[in-house]
Amino acid sequence: MQRERVSDNVYWFQSEIYAQVTAGVIAGPQWAVVIDTLALPEEALAIRNHVEDVLNLPVRYVINTHHHADHCWGNCFFPGATIIGHALCREILLERGSQALESARKLNAAFKQIKIVAPHLTFNEGTLSLRVGKKTLTMMATPGHSRDGISILVDEDRVLFAGDAFLPLPYIVDGDVDELAGTIKRIGKMGLENIIQGHGDIILRGEIDQSVRENLAYLSAIRKAVRAAARRKNPLDALADVTIESCGKSRVFLGGLAKELHARNLRALYRQNSREVSRPQQPELAGEL
Ligand SMILES: [Zn+2]
């Protein structure tokens, strides 16, 4: 696990096991807040140990940026904490969590240690504020990657924990491309010092404008590619030829998953578009990202 101090009492963690997924810690004088819980039990426990043994604080709150496994399945390792998330995050976890966990256990025995814990404290619209020592955390909805996405702004530092609303490669398989474009534009106008992406590296102030432009250009490029493919005889074959580079993204790592995620984006968008004009189809199983 990678670890870095972002600003006073604000820390960032990155998985070395799965897709460079990230988490955060904001430390107050008496207790700490954890944002997301990484992919596997050993990593969730490593964050808890760091907070309890190195920072010498109990974890009072865990904030989930959204319901995907790699962001909230570690909730159960913080039994004394109040879990916070969007109301939809709670709803979706209660509805689909146990079935998803059952399938994951068949692939990886490490998930046997997991119990799904849905957020205890939720909000639906507007913002939710939490004061931690001298920092104010403002939580707000940032949908598009998923319906329940929230981001957390550390007001005093202008640091945004964006969850998967901001990624090295925007991912819309479980979301909505137009909603995500709106969210990315909004993040671009927030006057930030850093964006902590849900996966990948921290974006510094001087890199934000270009990252926003690149991500919006990528979403436009996949929309265009999908429209063009839909006019072909075999749309899915045509989509298989649309490279990530031709959509303006190169050098995206994400633990080696970038190409596969790009291919899933194209198929999902094609499915979403054709669903609007034809009868509903069974959605493809969403990835863990
Ligand atoms: Zn996600």
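Student: In which loop is Q20 found?

Tutor: The model is predicted, so local features need pLDDT of at least 70 and side-chain atom pairs count only at pLDDT 80 or more, whereas totals for chains, interfaces and linings use all residues. Residues are numbered from 1 along each chain as its sequence is written, and side-chain values use heavy atoms, with hydrogens and water left out. Helices (H or I, at least four residues) and strands (E, at least two) are DSSP runs numbered from the N terminus. In these terms, Q20 sits in the loop between β2 and β3.

Student: Is Q20 buried or exposed?

Tutor: The phi of Q20 is near 50°, a positive value in a residue other than glycine. The relative accessible area of Q20 is 16%, and with a 1.4 Å probe and protein chains only, under 20% is buried, over 50% is exposed and anything in between is partly exposed.

Student: At what distance does the side chain of S15 reach the backbone nitrogen of I17?

Tutor: S15 is found in the loop between β2 (10-14) and β3 (22-27), and it is buried, with a relative accessible area of 3%. A polar contact is a pair of N or O atoms within 3.5 Å, where within protein one must be able to donate a hydrogen and the other to accept it, and where residues adjacent in sequence count only if both atoms are side-chain atoms. The side chain of S15 meets the backbone nitrogen of I17 at 2.9 Å.

Student: Which residues does S15 touch, not counting those up to four places away in sequence?

Tutor: Contact here means heavy atoms within 4.5 Å. With residues up to four places away in sequence not counted, S15 touches Q20, V21, L38 and E43.

Student: Which residue's side chain joins that of Q14 in a polar contact of 3.3 Å?

Tutor: Q14 lies in strand β2 and, at 6% relative accessibility, counts as buried. Leaving aside neighbours within four places in sequence, Q14 is in contact with residues including M1, Q20, V21 and G200. The polar contact of 3.3 Å links the side chain of Q14 to that of D201.

Student: What is the phi of L38?

Tutor: L38 lies in the loop between β4 (32-35) and α1 (41-54), and it is buried, with a relative accessible area of 0%. Although L38 is not a glycine, its phi is positive, at about 60°.

Student: Which strands do the buried residues of α1 pack against?

Tutor: The helix α1 has 14 residues and reaches 19 Å from its first C-alpha to its last, close to the 20 Å expected at 1.5 Å a residue, the expected span being 1.5 Å times one less than the number of residues. Its buried residues are P41, E43, A44, I47, H50 and V51. These residues pack against β1 (2-7), β2, β3, β4 and β5 (59-63).

Student: How many residues does helix α5 give to the lining of the second largest pocket?

Tutor: A pocket is an open set of points on a 1 Å grid over the protein atoms alone, where a 1.4 Å probe fits, with protein on both sides within 12 Å along at least five of seven lines, and lining residues have an atom within 4 Å of a point. The second largest pocket is lined by 20 residues, of which P168, Q197, S211, E214 and R251 lie nearest its centre. Helix α5 has 26 residues and reaches 39 Å from its first C-alpha to its last, and its buried residues include S211, N215 and Y218. The largest share of the lining comes from α5 (residues 205-230), with 5 residues.

Student: How much space lies in the second largest pocket?

Tutor: Grid points are joined across faces, edges and corners, and a volume is the space filled by probe spheres set on the points. By this account, the space in the second largest pocket is about 520 Å³.
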